[in-house]
Amino acid sequence: MEKQPRLLASQLFLKNSVFEVLLNGVLLTWKEIPANKKVVSGSIHHPIKGGTSHSVSVSEILAVRELDVGGGTNDDGRWQKMPQKLTEAYPYAFTVSYVERARQHRWRCSDVTFHCSDGVLRQQWIQTIREQLTALTSRPKHLLVYINPYGGKQQGECIYEQKVAPLFACASISTDVIVTEHANHARDHLKTEAELKKYDGVVCVGGDGMFSEIVHGLVSRTQRDNGVDQNSPEEKLVPCSLRIGIIPAGSTDCICYATVGINDPVTSALHVIVGDSQPMDVCSVHHNNTFLRYSISLLGYGFYGDVLADSERKRWMGPARYDFSGFKTFLTHHHYEGAVSFLPATDILGTPRDKTRCRAGCFICQHDGQLYSGDSPEESKTAPDVSDREYEVGWGVVRGKFLAINAASMSCACPRSPMGLSPAAHLADGTTDLILVRKCSRFNFLRHLLRHTSKDDQFDMTFVEVHRVRRFRFTPRHCQNDSELDLRENGKQLFSQICRDHPACSCSPAYSSWNCDGEILPHAAIEVGVHCQLIKLFARGIEEQPLFEDLANPQCAL
């Protein structure tokens, strides 16, 4: 790296020691000056064997503010008691707030206060640092914030006001806050009323459902403004210009965990402040040339669709309903017949079974994202009818009985499943990992599910296959039309409860439900296309942790 010229260099006082403080266009560094004896305001300190040093990236400095040493307060109102002799010798001080990394991908806001005897020097430091921060054009200045007061433990407003708003204020970010009043409030407001040109980004305080609302509203608004027909599966969608921030406050925060590495409101807020940008793929889901939904993380048919459908009838149980419904669905062991046709991604780096994980600055996402084009020969190929021969114009077709059909556009990692459904899936490579789990014994299916919580290769089973694809289509064995769907819905109340209560009758439902990021789709026959880097988050991907753990906690390496 080319050496950066110094902007400022001074000897400043910090924690009863004199430090050499340096600032260039990349780093702010302070290093203790060793001395045999130091005299500070008449006090003699013991010899120091070696000087300590610390560096902070300028891009991760949040703010700098003047400290009123004499009054004991700084400009954000926080009171600080200063020793009398220190205030006499160094009556001028300024505080730098910056990002400090802790364990498990957690970020926190830390402060360092420098003291000097010259008021002009203090103003020079404050002015120079602020000029460097102003030059960081990626940082947001005005945000639109949506808060879901009902999600998770109903702590959204409290989390924002106590943990996030003070950080935004410290970084001089202005906000317009909307507390949602009903389902899809944020989506509808973004689609119709929001003056998007006023903002540098949209932030949602809630869970994955709230994030999905924001994505649907923002993507739909962008397509409408650019004259794109969302009902056409072949349309190339226009990427959204505004970045999206996620402050986790829901019962599930899979998106946040998979893009930051931890579900922590302060960490997510700091990623927003420093202006991080992480592109993400989005899948569009259609049925008979009609747009249904967008998917960001998981599309699941069979097991995960049945779990969601059953849990929706047990919302009174709270979060425990997912465990109950999962156990019940596992015992029923339903399988579903159909055909999956897919367009495999070729000429790309990485496979679903390699050991490469999507991390900050992911080379695979950069390479494959640039390679991907909506006008490429691959993308122009249309899906074959499932009655055609097994392989046609590059498409593959798999028929059979399936316990689960999953499409993972990211690892889908969460605290319960640190590796996720597809550990090597990437956030922004223009593909999704299509996982087909064929009919097998309960024991083997349990082995497959348990591997989601371990480091073993969950695809190393004869009844599991995985393909990295750009598009796919699923057609049930008995392809339903609208009248069949209505009949199925009307007959459900009469017969389904009897069959659920008496599994010995061996009735197996003809159709499952698609779980689309926690929402049930109304059709089983769908067509899915991946739109490369359609949205951007205020995130940078999961950082390689060992380096930062060793720096922050050297004793951990012993």
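Modeller: Let us begin with the elements: helices (H or I, at least four residues) and strands (E, at least two) are DSSP runs, numbered from the N terminus. Q458 lies in the loop between α12 (442-450) and β22. Please note that this is a predicted model, in which local features need pLDDT of at least 70 and side-chain atom pairs count only at pLDDT 80 or more, while totals for chains, interfaces and linings use all residues. Residues are numbered from 1 along each chain as its sequence is written, and side-chain values use heavy atoms, with hydrogens and water left out.

Colleague: Is Q458 buried or exposed?

Modeller: Buried means under 20% relative accessible area, exposed over 50%, and partly exposed in between (1.4 Å probe, protein chains only). Q458 has a relative accessible area of 2%, so it is buried.

Colleague: Which residues is Q458 in contact with, leaving aside its neighbours within four places in sequence?

Modeller: Contact means heavy atoms within 4.5 Å. On that basis, Q458 is in contact with G420, L421, P423, H448, R451, H452 and V464. A polar contact is a pair of N or O atoms within 3.5 Å; within protein, one must be able to donate a hydrogen and the other to accept it, and residues adjacent in sequence count only if both atoms are side-chain atoms. The side chains of Q458 and H452 are joined by a polar contact of 3.0 Å.

Colleague: How many aromatic pairs does a search of the whole structure find?

Modeller: Rings of Phe, Tyr and Trp (its six-membered ring) pair if their centres lie within 6.5 Å; planes under 30 degrees apart count as stacked, over 60 as edge-to-face and the rest as tilted. The search finds 14 aromatic pairs. One of them, between Y301 and Y336, is edge-to-face, at 5.7 Å centre to centre with 65° between the planes. Y301 belongs to strand β17 (residues 298-302) and Y336 to strand β18 (residues 336-344), so this pair ties together parts that are 35 residues apart in sequence. Y301 is buried, at 1% relative accessible area. Y301 also forms a tilted pair with F474, 4.7 Å centre to centre and 50° between the planes. Since F474 lies in strand β22 (residues 464-476) and Y301 in β17, that pair ties together parts 173 residues apart in sequence.

Colleague: How many bridges pair strand β2 with strand β3?

Modeller: Two strands pair if DSSP finds at least two bridges between them. Strands β2 (residues 17-24) and β3 (residues 27-32) pair in the antiparallel sense over five bridges, with V21 opposite W30 in β3.
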